[in-house]
Amino acid sequence: MKHDTIVVLDFGGQYAQLIARRVREQGVYSELLPWDAPEAEVMALAPKGFILSGGPASVYAPGAPQIPAYVLQSGRPVLGICYGMQALAHALGGQVAPAAAREYGLAWLEVVRANPLLPPGRHQVWMSHGDRIEALPPGFEVLGRTANSPIAAMGDLQRHYYGVQFHPEVQHTPIGGELLRRFAVHIAGARPTWTPEHMVDDIVARVRAQVGAEPVLAAVSGGVDSAVATALVHRAVGDQLRAVFVDTGLLRLGEREQVVQALQDALGVPLTVVDAQARFLERLRGVTDPEAKRRIVGETFIRVFEEAARALGQPRFLVQGTIYPDVIESRAAERPHAAKIKTHHNVGGLPDDMRFELVEPLRYLFKDEVRRLGEALGLPEELVWKQPFPGPGLAVRCLGEITPQRLETLRQADAIFRQELRAAGYLGKPRAEGPQPRVAQAFAVLLPVKAVGVMGDQRTYHEVVALRAVVTEDFMTADWARLPYDLLARAANRIVNEVPRVNRVVYDITSKPPGTIEWE
């Protein structure tokens, strides 16, 4: 790695990866590793500094994760966040204890001591903790406080050790980006060289080193992730790459035609289209459990590609558009301390006897980084800013039993909702003159229930469609989009009038957490 690096040590916080993402936003490369990763693996990155993440434990509890000795012995700057701050205080002789009142949500931080980490003044921050610092370690000073945390920020300005009780990585802490930039660039001295152009160079070099002169098969779904992954590998290996697009029967309305045209025109890669609709629907017949759906789609996907691979000379390598949130939520092998949220078809849903070696050029990139890469590669805007679509497709948006008729109902409802959003300027690449906030992901869900209605003076008993639209920067946290009532009314009116067998439309106003963006 030729970039200056900030290492984030993960103590089990579900959103620890957001810290790495926010540091990268400042132009500094950052990598997330488990707190107990081998010292040699961590120090091989030559970190300019360390950030210690939050976590669910109490640092004083038996067996709680502790700061590895090499971190403090290295002499490099350290920033502890939430549990990381408590672990830093505990390791250096301070006192951590349960807080009299837990502190969750928004708070106001008052900066009480000028320092290199925090801008002066009073700032909104986001808290999530039950313990707090009761006594500072020797050499530390209080830098900031909130109403419930007298030591909400601390620092040893001589040794460049800092701790904050709040979470700068979340959007609810407006100064978070500046704080992380101050630490990474000004305190740790990391050069901000992490740009899309550098990302492309690094990924291309890694792909070439992995595959050599062997042929490569790309699993193209039509989404931005698989398209960018394919474009990157094509840049790395050229004519060694062959792309295959599988029509699973679980695509959105008109998507097969759009995907084939966009990929062939944009990438210039030979594209084979496999029509496997009947096969997928047969395997999914009668299946209602969402995890089972994901596993079936993942395994069937791979089996189809194995057959395509034999027809193309049995390439050893398979390209997939796996991105970092997929890895995190599926509790992949390198994230053993995090809770599993759901199985992603391209992470935890792969069969054990899969015959491919995976090439995953985007595995440690976030969605916004993937889009930036797509633009740097020259992919068309309509592809780069295409609405996210889960690997299992409509299988996890058609709740309950999957049938061709229910899928067609869902396709039509989904298309109408996205058409109305696009016409109102809520979809696509953000524009300065566009509505705020821009919708990051929007779709329809067909519910496994029916409702009584009245249409044409007659009783109906038809299906229910739920509409989902969220605003988010990272897809790890999200809030429901406050869409205008008249827009929602137009979409609902069109759906019940134009889509057969639907007589009721509802709007999902659940954030992430506690929900996920997808319903299954």
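Biologist: What makes strand 7 and strand 8 a pair?

Modeller: Two strands pair if DSSP finds at least two bridges between them. Strand 7 (residues 141-145) and strand 8 are joined by 3 bridges and run antiparallel, so they pair under that rule. Within this pairing, Gly144 stands opposite Ala153. Strands here are DSSP runs of E with at least two residues, and helices are runs of H or I with at least four, both numbered from the N terminus. This is a predicted model, in which local features need pLDDT of at least 70 and side-chain atom pairs count only at pLDDT 80 or more, while totals for chains, interfaces and linings use all residues. Residues are numbered from 1 along each chain as its sequence is written, and side-chain values use heavy atoms, with hydrogens and water left out.

Biologist: How many bridges link strand 8 to strand 9, and in which sense do they pair?

Modeller: They pair in the antiparallel sense over 4 bridges, and Gly155 faces Tyr162 of strand 9 as its opposite residue. The two strands form a hairpin with 4 residues between them. In the turn, His160 has a positive phi of about 65°.

Biologist: Which residues cover the two sides of strand 8?

Modeller: On one side are Ala153 and Gly155, on the other Met154 and Asp156, and all are buried. Buried means under 20% relative accessible area, exposed over 50%, and partly exposed in between, with a 1.4 Å probe and protein chains only.

Biologist: How many aromatic pairs are there?

Modeller: The count is 6. Rings of Phe, Tyr and Trp (its six-membered ring) pair if their centres lie within 6.5 Å; planes under 30 degrees apart are stacked, over 60 edge-to-face, and the rest tilted.

Biologist: Why is the pair of Phe50 and Tyr70 called edge-to-face?

Modeller: The centres are 6.2 Å apart and the planes at 65°, so the pair meets both limits. Phe50 lies in strand 3 and Tyr70 in helix 3, so the pair ties together parts 20 residues apart in sequence. Phe50 has a relative accessible area of 0% and is buried; Tyr70, at 7%, also counts as buried.

Biologist: What makes Phe280 and Phe301 edge-to-face?

Modeller: Their ring centres are 6.2 Å apart and their planes at 70°, so that name applies. Phe280 is in helix 9 and Phe301 in helix 10, so parts 21 residues apart in sequence are tied together.
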